[in-house]
Amino acid sequence: MSFFKKVFNKIVNFIFPAQCIICKTFIENNDGICFECLNEIEFISDPKCAYCGYPFEIKFPESGKNKLYVCPRCLKSKPKFDKCVSVVHYNDASKKIILPFKHADKTNYAKIMGRMMASTVSPFIEKVDFIVPVPIHLKRMLKRKYNQSALLVSVISSITGKPALFNTLIRTSFKESQGHLSVQDRKLNVSGAFAVKNPFKIKGKNILIIDDVFTTGATINECAKVLKSAGARRIFVATFARVVK
């Protein structure tokens, strides 16, 4: 950053001091979240499932640090994606970021969330060829005005340098909201809802799928299934939050 840009930023921050996006208190830095609110957010750490990233409540012995642990759901049915990571638990604290971002036009939150996600995917980002968002149907796009997953992709792509594909994975059918559906009903609801345009672009490539929240994994799994059927080699997944039940 040039000297003049640094001076300009200091002047702007003095006149318009940054605020925490959660509690709205003024903060000295421009990270977006104050220390107190950051402490309330529960970040996901090891140990977690090697496939879906489900965090285990128990701590395993140090001798098993490099072992691969798999959750009961993935043991029963291995997901179509190869690896998923999430930044935080979906709880009362993280909802204060996610819900305004998703439903109240707080699109500026994407920068903060995307930075956290970019850090989380750093262990495997070099293996990724393209980043794609979970798409939404045109009807929902017209109502919401934006795709929150696509906004996150833009930030992560900018930070990591990995190219984004916004119109390759598409949503072909409009389905009801999944918020109130059971695990099985979610699977049925998204079955056949996605397709791949120009599959030659992803043939033999490793893809990173981005979404805001991992609830049951039904949507992500269907996206991974379609991408692999179209010729993608490996599928990585990253979400900002993870529902843990």
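What follows is a set of questions about labels, each answered by setting a value against a cut-off.

Mentor: Keep in mind that this is a predicted model. The protein has 245 residues, 45% of which count as buried. Its secondary structure comes to 9 helices and 6 strands.

Trainee: Why is Cys71 called buried?

Mentor: Buried means under 20% relative accessible area. Cys71 has a relative accessible area of 4%, so Cys71 is buried.

Trainee: What makes Cys84 buried?

Mentor: The same cut-off of 20% applies. The relative accessible area of Cys84 is 1%, so the label is buried.

Trainee: Why is Ala164 called partly exposed?

Mentor: Partly exposed lies between the 20% limit for buried and the 50% limit for exposed. Ala164 has a relative accessible area of 25%, so Ala164 falls between them. Ala164 is found in the loop between α7 and β3 (169-171).

Trainee: What does Ala164 touch, leaving aside neighbours within four places in sequence?

Mentor: Ala164 is in contact with Ile131, Val153 and Ser157. The C-alpha atoms of Ala164 and Val132 are separated by 5.8 Å, although these residues are 32 apart along the chain.

Trainee: Is Thr216 buried or exposed?

Mentor: The relative accessible area of Thr216 is 17%, which is under 20%, so Thr216 is buried. Thr216 is found in the loop between β5 and α9 (218-229).

Trainee: What makes the pair of Thr216 and Ala218 a polar contact?

Mentor: The limit for such a pair of N or O atoms is 3.5 Å. A polar atom of the Thr216 side chain lies 3.3 Å from the backbone nitrogen of Ala218. That value is within the limit.

Trainee: Why are β2 and β5 said to pair?

Mentor: Pairing takes at least two bridges between the strands. β2 and β5 have 4 bridges, in the parallel sense, so they pair. Within this pairing, Ile131 has Leu208 in β5 as its bridge partner.

Trainee: Which way do the residues of β2 point?

Mentor: In strand β2 (residues 130-133), Phe130 and Val132 point one way, while Ile131 and Pro133 point the other way; all are buried. In a regular strand, side chains alternate between the two faces of the sheet.

Trainee: Which residues have the most contacts inside the largest nonpolar core?

Mentor: They are Ile33, Ile97, Leu208, Ile210 and Phe240, in a core of 39 residues. Among the elements that supply at least two residues each are β1 (83-89), α4 (92-103) and β6 (234-242). α5 gives the most, with 6 residues. A second, separate core has 30 residues, including Ala193, Phe194, Cys223 and Ala224.

Trainee: What does Ile210 touch, not counting residues up to four places away in sequence?

Mentor: Its contacts include Met117, Ile131, Val132, Leu152, Ile156 and Ala238. In soluble globular proteins, nonpolar side chains tend to be buried together.

Note on methods
Residues are numbered from 1 along each chain as its sequence is written. This is a predicted model: local features need pLDDT of at least 70, side-chain atom pairs count only at pLDDT 80 or more; totals for chains, interfaces and linings use all residues. Side-chain values use heavy atoms; hydrogens and water are left out. A nonpolar core is a set of buried Ala, Val, Leu, Ile, Met, Phe, Trp, Tyr and Cys residues joined through side-chain atoms within 4.5 Å. Buried means under 20% relative accessible area, exposed over 50%, partly exposed in between (1.4 Å probe, protein chains only). Contact means heavy atoms within 4.5 Å. A polar contact is a pair of N or O atoms within 3.5 Å; within protein, one must be able to donate a hydrogen and the other to accept it, and residues adjacent in sequence count only if both atoms are side-chain atoms.
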